[in-house]
Amino acid sequence: MPVITALYAGILGFLGLLLASRVVQRRQKHRIALGDEGNEDMQRAMRAFGNFTEYVPMILLLIGFAEMLGAHKWLTHGLGLSLVAGRLLHAWGLAQSRGTSLGRLLGVTLTWLALLVSSAMLIWLALGQMGLAR
């Protein structure tokens with residue numbers, strides 16, 4: 001059972017809800033029913049949530065499969081923490097500025113690191129299960 005992944009999925013679920021609620025708040029504040037109507041505040045809120053939904057599900061699946069194939073607990077926790085921190089930093093950075101920011105840079109770096117390491121680890125573990133890697 002991927003219990004470590006489940007822990008981080010739960011944490012990220014709350015973060016996703018927070019980001020979605022920020023979109024709804026901006027819609028109410030700016031009276032925007034659909035799209036962003038060119039409103040920069042609305043665009044940033046929508047992109048923070050959109051970017052979250054573009055990365056989080058796939059990376060959680062990769063981490064979960066790796067955990068089920070026997071990934072070390074500390075590595076699974078490290079990947080989960082990297083993903084949570086990356087998504088928090090990215091959302092914070094995007095909320096601060098529409099351009100580049102330290103939060104966005106660190107956020108995307110930690111997220112891509114989780115994607116890279118979990119992908120490589122999953123391939124390695126799968127090959128090991130098939131008897132092709134030692």
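1. A salt bridge is a side-chain nitrogen of Lys or Arg within 4 Å of a carboxyl oxygen of Asp or Glu. In this predicted model, Glu-54 forms such a bridge with Arg-47, and their closest N and O atoms are 3.2 Å apart. Glu-54 is partly exposed, with a relative accessible area of 45%; Arg-47 is likewise partly exposed, at 39%.

2. The structure holds four salt bridges. One of them pairs Asp-41 with Arg-26, with 3.1 Å between the closest N and O atoms. Asp-41 belongs to helix 2 and Arg-26 to helix 1, so this pair ties together parts that are 15 residues apart in sequence. Both Asp-41 and Arg-26 are buried.

3. Asp-41 also forms a salt bridge with Arg-44, the closest N and O atoms being 4.0 Å apart. These two residues lie in helix 2, three residues apart, about one turn of the helix. Through shared partners, salt bridges join Arg-26, Glu-40, Asp-41 and Arg-44 into one network.

4. Glu-67 is buried yet has no salt bridge, and the nearest side chain of opposite charge, Lys-73, is 7.6 Å away. A polar atom of the Glu-67 side chain does, however, lie 3.2 Å from the backbone nitrogen of Val-3.

5. The largest nonpolar core has 24 residues, of which Leu-12 and Leu-83 touch the most other members. Helix 2 gives the largest share of this core, nine residues. Beyond residues up to four places away in sequence, Leu-12 touches several residues, including Phe-52, Val-56, Leu-60 and Leu-83.

Notes. Residues numbered from 1 in each chain as written. Predicted model: local features only at pLDDT ≥ 70, side-chain atom pairs only at ≥ 80, totals over all residues. Heavy atoms only, no water. Buried < 20%, exposed > 50% of the residue type's maximum accessible area, 1.4 Å probe, protein only. Lys, Arg positive; Asp, Glu negative; His and termini not counted. Polar contact = N/O pair within 3.5 Å; in protein donor to acceptor, adjacent residues only side chain to side chain. Core = buried A, V, L, I, M, F, W, Y, C linked by side-chain atoms within 4.5 Å. Helix = DSSP H or I, 4+ residues; strand = E, 2+ residues; numbered from the N terminus. Contact = heavy atoms within 4.5 Å.
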